[in-house]
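Reader: I would like to go through this model with you, asking at each step what a given label rests on.

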Amino acid sequence: MSKTLVQPIGQKRLTNVAVVRLKKHGMRFEIACYKNKVLSWRSGVEKDLDEVLQSQTVYSNVSKGVLAKSKELIMAFGSDDHSKICLEILEKGELQVAGKERESQLSSQFRDIATIVMQKTINQETQRPYTISMIERLMHEIHYAVDPHNSSKKQALEVIRELQKHFPIKRSPMRLQLTVPEKNAPPLIEKLSTWNAHIVSREDSGNQLTLVCEMDPGFFRDCDSLVRNCQGRLEILAVSVHFEGDAHVDNYDDQDKATLSSTKESDSPSSLTERLQQHAISERPASREKSEDQVKQQRCGTCNAFVGDSKQYRDHFKSEWHKHNLRRKTRQLPPLTKEECETDVEVGDPNSDLKDYSF
């Protein structure tokens, strides 16, 4: 006999239920779990089964509250023990999520893939990493679709291979320190030249040769096995190497010299840079003072005037000038300046204020 979940009519049903579904032998079995707990259980974060399952009961339809028959459970699982069957469904079943929740998961995984690609790649021309927004735009241009069943790292490597076909992008090299006996060094050096590895430094200490090189991560496994065969030692100094630091004006001195030689041959790029810096320093205090004055001034909309800082602004609301303009505003009259307000007869005559009101 089926058991129905009775809920109030005015509420949405199964708002806090995540359904895990498993099809076996042509029959459908479902269990009711708590949201955001199924993935925690599968990743090993959550250990308590009671925190994952709402009830250790196997359903054929959770939304309607229809329980699975014992005959069907024995036919599909060889047992009617609900606890063991719930564990199997929880491990092998498919998690049913709503459209917005699935879209949120895919967008989050898309962002993770873009982050990994950004960390592992550089621009071939500038040797600098791409920004994450640029990586996402390139992924949209190649129409990459996220696979929720594969890991983000595996998909990131696929994205890098696909982007290399269309854009100037390459894997950022790894920086390794190789220490091998000097007698076994020639085959290693020959292999490094075959891999187009860049040797940063070379140091001979006794019978040992120490090399610091940058190479493509795709040859890391081959390099590791070769160093082991040479009875050496490999150490990773940096997983990703890219050009660091901001671009400076001095990098473009040659271009400035070429453009300015036709106009002023006596001006060198270094002197031009110094004058530009002095000009920026001289303009900076004036612009700062101007911005500070604009920040300090508070404007009263009733009096249509700037009245000073925040303290003066509060005091202005208690002044006769503001009160008088407020009365004029109720009569749809234009506001007066402070000098005009002081010369006005209404400010000096307190009894005239009573004429504006009817008691």
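Reader: In this predicted model, which residue of S10 does Val180 stand opposite, and what makes S8 and S10 paired strands?

Author: Val180 stands opposite Leu209 in S10. Pairing requires at least two bridges found by DSSP between the strands; strand S8, residues 174-181, is joined to S10 by 8 bridges, so the two count as paired, and they run antiparallel.

Reader: How do you know that S9 is paired with S10, and which residue is the bridge partner of His198?

Author: Strand S9, covering residues 198-205, has 7 bridges to S10, and because at least two are required, this is a pair too, with the strands again running antiparallel. The partner of His198 in S10 is Glu214.

Reader: What lies between S9 and S10, and which residue in the turn has a positive phi?

Author: The two strands form a hairpin with 2 residues between them, and in that turn Gly206 has a positive phi of about 70°.

Reader: What share of the chain's contacts with a separation of 6 or more comes from residues 24 or more positions apart?

Author: Such residues account for 57% of those contacts, in a chain that has 14 helices and 13 strands.

Conventions:
Residues are numbered from 1 along each chain as its sequence is written. This is a predicted model: local features need pLDDT of at least 70, side-chain atom pairs count only at pLDDT 80 or more; totals for chains, interfaces and linings use all residues. Side-chain values use heavy atoms; hydrogens and water are left out. Helices (H or I, at least four residues) and strands (E, at least two) are DSSP runs, numbered from the N terminus. Contact means heavy atoms within 4.5 Å.
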